[in-house]
Amino acid sequence: MLALSKVGNSAYPDVSAVYSHISDPREKRRLALAEIDKSPFSWQHVRLVVVAGVGFFTDAYNIFAINMTTVMLGMVYWQDSNDGHIPHDADVAIKVATSAGTVLGQLVFGHLADRWGRKRMYGLELTIIICTTLAQALCAPSLAVSFVGVMVFWRIVMGVGIGGDYPLSSVITSEFANTKWRGAMIGAVFAMQGIGQFAAALLALITALAFRSSLETASDVSHCDDGCRRAVDVMWRVVLGFGSVPGWFALYYRLTIPETPRYTFDVLRDPEKARADADLFRSGGKGEAQPDRLRRLQEREAVRRKYSTPRPSLREFAHFFAQRRNALVLFGTAGSWFFLDVAFYGLGLNTGTILHTIGFADRTNVFEMLYNAAVGQLVLVCAGAIPGYWASVFLVDVIGRKPIQIMGFVILTALFAVIGFAFDGLGQAAMLTLYVLCQFFFNFGPNATTFIIPGECYPTRFRATAHGLSAASGKLGAIVAQVAFAPLARRGADSSSSSSSDPPTSSSDSASSNTSPDAAAAAATDETPWLHGVMQIFALFMFCGILSSLVVPETRRRSLEELAGEADARIYEVKLVPRFGRGGAGAAPGSAAGSGPNGGGSERWSVGQGSPATTSVDVDEEAEVGRRRARRWSLGGVAGKWLHL
């Protein structure tokens, strides 16, 4: 048995030292990646999860914070024109802008991560998020541009950065992780979204307490005087601007992380660099490794002469997914994410009713309104979302991704059906319970697994592109929920009752501290009279999610190469030139110098691309390796042919 040398720590054994005697790059790749897959969980894995997770903390914070601040924007910029309420069209534009930018970022960054490398793109998306978050906090109207126009612009650009974080963080974590805990590591990165939501609500609560004296002077949003407006103006800028702070701590580590060994092996075809980068990462180093240049060039030349690997391109991507099996998997990951996000983002339409039900929508002044909204969000996030996220982290490698996803869709189908068809007969406790259960099984269910699976089930050269395409499909579902289903839920509502713009944080101005929970909940329901019908439609979407999940592969405790169909090292294709007998490459089949496949001479294959090669491989020797071969002949002599391994 091979003994590992004592270099670095246990995250990645010193594969370059152990396998330096092996000349076949395919075998080196197989053994090196096997060591990565079997490496014990260590501090380097924890650091990777934290660095990648900070990005998702920032993503969720920025998306959730805007829901907490739109009511503040109404008090500041629409006090005179709309009685302190942000217009519905402006509210939708600001929120949908982020999702639109996210779709673009997921598609563009996903493809570029496969084409140019994970390392080149990682950190760029976080830089975009940091800069645009600060720009939003400094937004103000002018004579040339409106406030909404400036805010929408920066939200779109920020969305591009958020979108880029989805495929990059998932794929990088997946390719550095060991097989045993890969699902938990990717799930932990995604679970930082729950912490980001909690932080956004917490900071909104802190700022409300900090400006309490100024806010208590206004009885409601339409009576916010200059002192109140000044306080609220500072509050929303602080809440949004804080979203850039965590990113500063992770940016350096993202910019200095080495390229993933799998990408360097499979796409760059640089085995020596891949092993060196793995050694650098496991030893806690930063940046790129600097292996011996001569040895690196020799290995790259050997790989170039002997092997050919399809390069990542849109044409190759289309060819790969034109195959029925691959297309079904892509439909499963993209379709499941789309069906999920329609209901996941649409559930926010019911948040206003839930806040009324649990008593966090009552107030006598602006301070109580903002304070109760923040506390109510903290309660809901802690009750359902965060436990669901971490239940997935702890159980995804035990139960499996596919069972959790299907289980979640089944339970959510039942929950939405109950909410939709029994809406009018549900009491306060029942509505609250159903809402919390939906939040829990979203996150201990398809919301986590739809992020995990696409980062595992595709080949290295398409992994980020396919993940980005799947994630973009989900964000399209979010846009559908915000643009189509939000107005649908308000169908039949009076214009006066629908003037409030943000269901999670606002309510009817007529509510007061002595309003009963039942009456307050009824008032919230009046703003969305067709909400029950929307919940019924969401139940149908969840049922469709069950069907699309059936074609998704189970990835638990399986290597990425096995999932991609590369378990037998097919990522490298050997190009052989037929040479018959002992007469050299130019001898024709059946000539005196040798005989062809039907002759009695000794058949040999020269490795190369139509030129004399320094290495010959006997067919008998190749048979001893035990791999299946498929040979295609050409009588041209110098024409190269492919041997698929």
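Let me start with a term: a residue is buried under 20% relative accessible area, exposed over 50%, and partly exposed in between, using a 1.4 Å probe and protein chains only. Leu550 is partly exposed, at a relative accessible area of 49%.

Some ground rules. This is a predicted model, where local features need pLDDT of at least 70 and side-chain atom pairs count only at pLDDT 80 or more, while totals for chains, interfaces and linings use all residues. Residues are numbered from 1 along each chain as its sequence is written, and side-chain values use heavy atoms, with hydrogens and water left out.

Back to Leu550. Where is Leu550 found? Leu550 is in the loop between helix 24 and helix 25 (560–563). Helices here are DSSP runs (H or I, at least four residues), numbered from the N terminus.

Leu328, Phe331, Leu540, Phe543, Leu547, Leu550 and Val551 form a nonpolar patch on the surface. Together they have about 630 Å² of accessible area, computed by the Shrake-Rupley method with a 1.4 Å probe. Patch residues have over 30% relative accessible area and no salt bridge, and nonpolar side chains (Val, Leu, Ile, Met, Phe, Trp, Tyr) are joined within 5 Å. A salt bridge means a side-chain nitrogen of Lys or Arg within 4 Å of a carboxyl oxygen of Asp or Glu. Helix 16 (324–346) and helix 24 (531–549) each give two or more residues to the patch. Which helix gives the most? Helix 24, with 3 residues.

Now the rings. The structure holds 35 aromatic pairs. Rings of Phe, Tyr and Trp (its six-membered ring) pair if their centres lie within 6.5 Å; planes under 30 degrees apart are stacked, over 60 edge-to-face, and the rest tilted.

Take Tyr166 and Phe451. Their ring centres are 6.2 Å apart and their planes are at 75 degrees, so this pair is edge-to-face. Tyr166 lies in helix 7 (residues 147–176) and Phe451 in helix 21 (residues 446–452), so the pair ties together parts 285 residues apart in sequence. Tyr166 is buried at 4% relative accessibility. Phe451 is buried at 0%.

Next, Phe317 and Phe321. This pair is tilted, at 4.5 Å centre to centre with 50 degrees between the planes. Both sit in helix 15 (residues 314–321), 4 residues apart, separated by about one helical turn. Phe317 is buried at 13%, and Phe321 is buried at 9%.

Rings also gather. One aromatic cluster includes Phe338, Phe339, Phe344 and Tyr345.

How values were computed: Patch = residues over 30% accessible without salt bridge, like charges linked within 9 Å, V, L, I, M, F, W, Y side chains within 5 Å.
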